[in-house]
Amino acid sequence: SVEPEPVKLDTIVAELKSKGHFDKFRKDCISQLEQSSKCNQLKESVTKFAETFLAGYSWPSPVPKNRLRDGLRQELRNSKLLSGLDRIVSDVVDSSAETAFR
């Protein structure tokens with residue numbers, strides 16, 4: 001007997017995109033993130049962190065904006081403030097996937 005050819009992942013993704021399922025899934029995830037209290041708390045914490053970081057500079061700053069941005073990004077990574085972000089995103093994606101791809 002001849003085994004059927006396995007469906008390639010690219011084919012499945014293309015099919016989901018062509019029918020609008022992927023875009024709907026993405027919009028559902030963003031909507032859930034915007035409504036998430038954990039995400040809003042994280043956003044507030046990051047905003048406060050950035051304000052504190054930038055308060056250490058005089059304005060207009062002699063430091064180029066891209067260097068300030070890179071410095072802030074590095075400090076934020078080192079702070080562990082974003083340590084819960086993976087969990088927040090995983091919860092939203094898992095929840096949306098359950099309803100979107102049944």
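Visitor: What makes aspartate 28 count as partly exposed, rather than buried or exposed?

Guide: Aspartate 28 has a relative accessible area of 26%, and since buried means under 20% relative accessible area and exposed means over 50%, with partly exposed in between (1.4 Å probe, protein chains only), the residue is called partly exposed. This is a predicted model, in which local features need pLDDT of at least 70 and side-chain atom pairs count only at pLDDT 80 or more, while totals for chains, interfaces and linings use all residues. Residues are numbered from 1 along each chain as its sequence is written, and side-chain values use heavy atoms, with hydrogens and water left out.

Visitor: What separates aspartate 28 and lysine 24 along helix α2?

Guide: The two residues are 4 apart in helix α2, which covers residues 21–35, and therefore stand about one helical turn from each other. Helices here are DSSP runs (H or I, at least four residues), as are strands (E, at least two), numbered from the N terminus.

Visitor: What makes arginine 73 and aspartate 70 a salt bridge, and where do they sit?

Guide: Their closest N and O atoms are 3.1 Å apart, and the two form a salt bridge. They lie 3 residues apart in helix α4 (residues 65–79), about one helical turn from each other; arginine 73, at 38% relative accessibility, counts as partly exposed, and aspartate 70, at 42%, counts as partly exposed too.

Visitor: What can be said of arginine 87 and aspartate 91?

Guide: These side chains meet in a salt bridge at 3.5 Å, N to O, and the residues are 4 apart in helix α5 (residues 85–100), about one helical turn from each other. Arginine 87, with a relative accessible area of 55%, is exposed, whereas aspartate 91, at 31%, is partly exposed. Elsewhere, salt bridges that share partners join Asp23, Arg26 and Lys27 into one network, and the count by this rule comes to 6 salt bridges.

Visitor: How many helices and strands does the chain have, and why is it called more spread out than a compact globule?

Guide: The chain has 5 helices and 0 strands. Its radius of gyration is 21 Å, well over the 13 Å that the globule rule gives for 102 residues, so the chain is more spread out than a compact globule; the radius is taken over C-alpha atoms, and the rule is 2.2 Å times the number of residues to the power 0.38. Along its principal axes, the C-alpha trace spans about 75 × 30 × 25 Å.

Visitor: What share of the 102 residues is buried?

Guide: Buried residues make up 13% of the 102 residues in the chain.

How values were computed. A salt bridge is a side-chain nitrogen of Lys or Arg within 4 Å of a carboxyl oxygen of Asp or Glu.
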